[in-house]
Amino acid sequence: MDNFEDFIKNSRKSLDENTEEKFNKKIPNILNAKNTGINVDITKNSISDIEFEKLIKFVNSIGLSEKISELAAGKEVNRTEHRAANHMALRDLESIHYDEEGANISKDVFSVLKKMEKMCWQLNLNLWRGFNNKPIIDIVSIGIGGSHLGPKMAADSLRPYWHDTLRCHYLSNIDGSNFTETMRDLDADTTLFIIQSKSFSTQETIRNADACREWFYANGGQESDIKRHFLAVTCNVERAEAYGIDPDNIYPVWDWVGGRYSLWSAMGLPLALTIGMENFKALLRGAWAMDQHFIESPLDSNLPVILALLGVYYRNIVGAQTHVILPYDHYLSALPAHLQQLDMESNGKSVTQEGNPVGYATGPVIWGGVGSNGQHAYHQLLHQGTDLCPCDFILPLKTHNPVDNFHSILVANCLSQSQALMRGRSEAEAYELLIDQGRSEVEAKRLAPHHSIPGNRPSNTIYFEKLTPETLGALIAMYEHKVFVQGVIWGINSFDQWGVELGKSLSKDVLKSMETGDTDKLDASTAHLVSMYRDAQNRA
């Protein structure tokens, strides 16, 4: 069987059959990836053995194992851009990887890592100084998309590992408020700027870089001081040099480094500077351990594969439209946003690898937030809403900051939420509860439907001993591989993102109309909005 539409139709026909069989009969209750510290409790899923076996047979029929091998070997998996996706090579600190032409790409990777390590050493020992010979205190990372979300998420997640002498700030949005608030308390002679753009032409990044350079000049810096205060991470070395970046201050990346996978490359330089190179390498090693599990493990015990199959089951067979990421750790607050980009930019596609329209749902809407805040906000919809929203609860068993019994309460909330989603509460149970609370029979009968909860709502609990660079690396890599597997099943290219290009190109015409007032080439709606903008500026 290799037609996914037929597979969906056949699976939906038998969806209500064999519901008494438990998913965990065929695979362990608790999955783990060796040497990663990552464990996943999948027992709160409502899929039967039969449905799971069908999924395994299907992915075998489409050659998933071969596709995983092609990815690991650096084959051209991004067919629309004729590129490999070699992000796994970025985190292998021991092996040698080659591209399809036989070039040693690991040599370049190791060279950049060495250059990053030197910069970390110079900054942390106060050997790199600003134009007044003061040590650098603040780092401003200027990027957007993958060059912003990944490094910032990892930096936030690893806050306990930061060097106390450095503070990292992230400037991404083309928004004067973002710029003003970022720069408010900085001093030019103690601030280092890192311009991060593969093309070195991304509008938001370059305009923010321009503004930072003007701010630098306005606060005592000279053109001759740029070398001490501006670095670049880019594919386009020539454009960076033309911008005025000293060649020694340019950290190269390569076209096979996708934006949402660029955390592992020199795009992670701000992170490396704030947590130190040893911790950055530990992050890489954790991801590489998950890579090895993904490459070597049988499909029916492969953690990313099983998570991907569960996601496909709920998306395509059951009809869930979203997937919720619920980290129960303050330091992981930015993880849902990173996974949102990783998943939705990768698998938000409506044509197959061959360019044909897909006849089924692809990537779900990814959303979520940190626990237990969400319990007082959107968890109501998870428990009693009309939509089924599969959830990933993410939980460190130990905290970096023990305060009284806070962490025990946090863990209890996490476990009880997944338990409540699974168990629910019947109307009869609700009625008895209300009677026990002293309600009259009439009142209890009236309120019981409001207090009943459907239950049978699926979730995974992903847990690990403690949030460290190694476990964070493994966690992110696990989700990367899950997204890849789902892309293979749906027959789409998970490594391009042409959908974002149209808005970028149209923005040039819109901006020109905003400047000139000529809206003849715009549609009526956009022309009206441009006129409203121009009127507001004139009133100002």
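**Rings and their partners**

Author: Let's start with Tyr314, which is buried, at a relative accessible area of 3%. Buried here means under 20%, while exposed is over 50% and partly exposed is in between, using a 1.4 Å probe and protein chains only. Tyr313 is buried too, at 4%. Keep in mind that this is a predicted model, where local features need pLDDT of at least 70, side-chain atom pairs count only at pLDDT 80 or more, and totals for chains, interfaces and linings use all residues. Residues are numbered from 1 along each chain as its sequence is written, and side-chain values use heavy atoms, leaving out hydrogens and water.

Rings of Phe, Tyr and Trp (its six-membered ring) pair up if their centres lie within 6.5 Å; planes under 30 degrees apart are stacked, over 60 edge-to-face, and the rest tilted. There are 17 aromatic pairs in the structure. One of them is Tyr313 with Tyr314, edge-to-face, with 5.3 Å between centres and 70° between planes. Phe484 and Phe495 make a tilted pair, because their planes are at 35°, with centres 6.0 Å apart. That pair links distant parts of the chain, eleven residues apart: Phe484 is in helix 19 (residues 469-490), and Phe495 is in the loop between helix 19 and helix 20 (499-516). Helices are DSSP runs of H or I, at least four residues, numbered from the N terminus. Both Phe484 and Phe495 are buried.

Then there's a cluster: Phe131, Phe193, Trp215, Phe216, Tyr217 and Phe230 form one aromatic group.

Arg91 lies over the face of Trp264, 4.7 Å from the ring centre, and the charged end of Lys115 sits over Tyr251's ring, 4.8 Å from its centre. That counts if NZ of Lys or CZ of Arg is within 6 Å of the ring centre and within 35 degrees of the ring normal.

Conventions:
Helix = DSSP H or I, 4+ residues; strand = E, 2+ residues; numbered from the N terminus.
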